[in-house]
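Hi,

Here is the structure I promised to pass on. Have a look at it first, and then read on for what turned up.

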Amino acid sequence: MKILQAELLASCGRTDQFPDTGLPEVAFLGRSNVGKSSLLNALVGRKQLARTSSTPGKTRLIHFYQVRTPAAELLLVDLPGYGWAKVSRKERESWGRLIEGYLESRPPLRLAVLLQDLRRDFSEDETLLLEWLSERAVPWQVLVTKADKLKPMRRAKRLKELAAQVEDRMPEGRRLIATSSSARQGLDTAWQAIVGAVGPTGPAGAAERSDP
Ligand SMILES: Nc1nc2c(ncn2[C@@H]2O[C@H](COP(=O)(O)OP(=O)(O)OP(=O)(O)O)[C@@H](O)[C@H]2O)c(=O)[nH]1
Ligand SMILES: [Mg+2]
């Protein structure tokens, strides 16, 4: 995907700080260290737009990135990772409230992208989250991360195993998408899912909408 523009718009620790741009949003969710910030950088072709770290729990705020492509203009939203045991309970609760506050009442949200490490099984955190999203009619897509970590044969087998774990929750027509930020794999397919969910909102889309 050609990226015309990508910039950090806002970093928010409270729901009342969320930006109001009128642009559609796609949110990246997942366990801490799963590779959310890395994938976001890979998708926009910038090494350090979103901060990444080998220390889990780096992203503690909700970061809104404004991205313009020829097909769409949208916000990619990097949510704090959950499931990191080494933070205090109080801190975990405040992140939980922030993430839930975003997901629960965010009219511009068009797609929740759940990231899942290829080498891990879906945990209860992920299956509950998918259920929660489905109940609230938030469309979701699973992107499997770090696909480069396994050789092709093993990778294909793991993908089947993971697909089987969420098969009964998977909306019609959706499937897992395998990605690797470091090997730049699956990025076009991921973009297709994102643009498909957002619809045409670029200059072309805006022109179409203004037609009587
Ligand atoms: N091999 C490999 N490593 C990756 C890939 N994506 C991310 N990583 C590594 O995984 C670690 C965590 O990546 P981040 O992108 O910071 O993860 P995150 O989900 O944003 O983590 P939090 O902000 O803590 O929630 C870093 O050391 C990355 O270099 C990938 O596709 N392949
Ligand atoms: Mg991060």
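Two residues count as in contact here if their C-beta atoms, placed from the backbone, lie within 7 Å. Keep in mind too that this is a predicted model.

With that cut-off, and setting aside neighbours within four places in sequence, F28 is in contact with K36, L39, L40, L76, V77, D78, L79, V113 and L115. Two of these names come up again in the core: in the largest nonpolar one, which has 45 residues, A27, F28 and V113 touch the most other members. The biggest contribution to this core is from strand β5 (residues 109–117), which supplies six residues.

Next to look at is β6 (residues 140–145). Six of its six residues are buried, so the strand is largely enclosed by the rest of the structure. Cover comes on both faces: W140, V142 and V144 are buried on one side, and Q141, L143 and T145 on the other.

What does β6 pair with? One partner is β5, which runs parallel to β6 and is joined to it by six bridges; within that pairing, D117 has T145 as its bridge partner. Another is strand β7 (residues 177–178), also parallel, over two bridges, with V144 standing opposite A178. To get from β6 to β7 the chain goes through helix α4 (residues 152–166), in a right-handed β-α-β crossover. There is a right-handed β-α-β unit on the β5 side as well, made of β5, helix α3 (residues 124–135) and β6.

That brings me to α3 itself. The helix has 12 residues and reaches 16 Å from its first C-alpha to its last, close to the 16 Å expected at 1.5 Å a residue. Which of its residues are buried? E126, L129 and L130 are. They sit on the same side of α3, because the arc they cover around the axis is only 100 degrees. The buried residues of α3 pack against β2 (25–30), β5, β6 and α4. Turned away from that buried side is a face with the exposed residues E124, L128, E131 and E135, so do look at L128 when you have the helix on screen.

Cheers

Terms used:
Residues numbered from 1 in each chain as written. Chains lettered and ligands numbered in written order. Predicted model: local features only at pLDDT ≥ 70, side-chain atom pairs only at ≥ 80, totals over all residues. Core = buried A, V, L, I, M, F, W, Y, C linked by C-beta atoms within 7 Å. Buried ≥ 20, exposed ≤ 12 C-beta atoms within 10 Å, placed from the backbone. Helix = DSSP H or I, 4+ residues; strand = E, 2+ residues; numbered from the N terminus. Pairing = 2+ DSSP bridges. Right-handed = clockwise from strand over helix to strand, strands pointing away. Expected span 1.5 Å × (residues − 1). Arc of directions from axis to C-beta.
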